[in-house]
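Hello,

Here is the structure I promised to pass on. My notes follow below it.

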Amino acid sequence: MRPVRMIIFIGVVVGIVLLALFAGPRMVNPFSLTTMDREILYSIRMPRVVVAMLMGMALGASGAILQGVLRNPLADPYILGISSGASLCAALGLLSGFYYFGSMSVPLTAFIGAALVSMLVGAFGWKRGGLWPERLLLAGIGLNFLFSAVLMLLMSVSSDEGLRRAVLWMFGDLSMADWSLIPTAAIFIVIGMGLVLSRSRALNAMILGDEFAHSLGFAVQRERLILFGAMALMTSASVSLGGTIGFIGLLMPHIVRFLLGADSRLLVPASAVAGGAFLCFADLVGRSLMPPMELPSGTVTAVFGAPYFLYLLRRKDVLSI
Amino acid sequence: MITADKKYEYYFTAEDAEEVRTNDSDGQGTSGLKTALIRFLSAFICVKIILLLIVCSPPALAAERITAPQRIISLSPATTEILFSLGLGDRVVGVTSFCDHPPEAKKKAKIGGMSNPSLEAIVGLKPDIVVMTTDGNPREVDDRLRGMSLKTYVWTARTLAELPRGIRELAGVMGVKENGEKLAREMEEGIEKFRSQKTGAGSQKKVVYIVWPEPLLVAGPGSAIHDAMALLGLENIAANASSSYPRYSIEELIRSSPDVLIIGKGAGMDIRTVAQGVLKKLATVPAVKNGKVCYVSDHLYRLAPRIIQGIEELAACVR
């Protein structure tokens, strides 16, 4: 534990959330709110910040779990094909005229897609009564390529403008964040988070190797399955909230390990909070850079995340798990 | 403008036609009788041609008729609509997969999308001319087609004001000057009618045209919709955006408090269902509060003749 860094970390997170709420191309003064300000704050900015926090938390925590479970510093929830599967399922839903739930239809189909793909990856990764990291990773990469290709195929043969625009949504868009989806998604994310936190000691042991974890008394295959399930639940919920936002799952665990250490008991929640704050920040930048136009947060996270990631890479030994 | 002028190189002018005729009557025989016969025949033909010209049509038109392209491919939905409005529907042999208006256009052979048409499909249709647009077709396609010595015509008009000129120009190339003149004049009269109405309306209403609700895309400057709004004396709240269909900030939309909200027709899905979410967020905006939300057709999306009906719809929304 590093108390000073911890305090700075929490301070930065709180600062970003406040900025995301009140700053932007148009400032909102929290001490003298007009009716319009209150309206904008309540129905536009607050859901945006909450969705950004939830998504970022889900992705950050998922990244931390996956890097531990797969024992691979490259792992990211999207590398397993979950996002492309979700996009594909949403696109197929739109093509077949699935629009019974109004504006909830796309998030719903995306969630179903993400959950199905997670199960599929799990099924491919399953052998001799358990999940095997290499198998999971390879199955995920294979499925990811397959789904991306099919999605591209659909996009290029379809002349449906609606489909194209709905798929735009999949590239990480928080501008339409809305209270209606938040409770359901939050439940999934809280359940996932609870599962991980209760298993963080097992995660710590598993990073050191299956034999080691086994000798410490952990049922490795069972723990791995639970952690994988928690990751799938959180990632699916996050995809249905605002589409695909890259880089958070990969980047946040590395930053947190660099700043606060690699103990999973702290790493998972801290990656979650850092992910949430980072996405809030990306969203703030996305709507402030070229007003009145909005840039999708997914691209902002990559543009700001990648250079920092490369900087970390230059520091020796940081990018281990 | 330079590129537009350059496009004229390929189609025949009256001079070319003259040359063809002189070459024909230039046949030199060896024997006197033969020469006389040919002379007589050619004179006869000449007289007949002259007679035909006098009886049927002005000479320029006759020249055009010989050279007017018979097999046309259109690489954009807007030019497809214009070609059909010019009465050239029968001569259009290929269109893009986005060309859905008029309904007959859907029956034409498809050559692919706007940004990625299939060169092979285009060449396979043996077109006399390929109509392209600077608004959506990549320049490379033009270069490739001309590299294969196919004729292209590039449509350059991008604003409502340029539309009649564009129609005249295209009609000239296609050899249907009269139809072009008629259609262009209809457009001008339509535009003029709305312009004169505007002065009566007086107060400037703030409007926004939502092209797609999630993510929020609105019509910005450079789109035909923006021109139509300006024509009707309406203030487009997205006038300060930097592209024709920007992803607009919903916060900014609320702040500019539009008086009328116009929602365009979506392809594929029922736009009313898709728009529910955004309307809920805009509940406090004057337009939504006063029930001034107007669903319109897709007439304004393309710079084509039915844009006049689109302006009519727009005018009805704000009346």
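Chain B as a whole has a mean pLDDT of 80, and 76% of its residues reach 70 or more. Its residues 1-30 are a further stretch with pLDDT below 50. There the model shows 22 contacts beyond near neighbours in sequence. Where pLDDT is low, the predicted coordinates should not be read in detail.

For the model overall, ipTM is 0.71 and pTM is 0.77.

Now the sheet in chain B. It is open, with 5 strands in the order E3-E2-E1-E4-E5. The pairing is parallel. E3 (109-110) and E5 (152-155) of chain B are the edge strands. Each has a single partner strand, so one side of each lacks a neighbour in the sheet. E3(B) pairs with E2 of chain B, residues 92-95, over 2 bridges in the parallel sense. Across that pair, Lys110(B) in E3(B) stands opposite Val95(B).

Chain A next. Its secondary structure is 13 helices and 2 strands. The C-alpha trace spans about 60 × 55 × 35 Å along the principal axes of chain A. Chain A has 321 residues and a radius of gyration of 20 Å, which agrees with the value near 20 Å for a compact globule. Of those 321 residues, 48% count as buried. Among contacts in chain A with a separation of 6 or more, 78% join residues 24 or more positions apart.

Best wishes

Conventions: Residues numbered from 1 in each chain as written. Chains lettered and ligands numbered in written order. Predicted model: local features only at pLDDT ≥ 70, side-chain atom pairs only at ≥ 80, totals over all residues. pLDDT = per-residue confidence, 0-100. Contact = placed C-beta atoms within 7 Å. Helix = DSSP H or I, 4+ residues; strand = E, 2+ residues; numbered from the N terminus. Rg over C-alpha atoms; globule rule 2.2 N^0.38 Å. Buried ≥ 20, exposed ≤ 12 C-beta atoms within 10 Å, placed from the backbone. Pairing = 2+ DSSP bridges.
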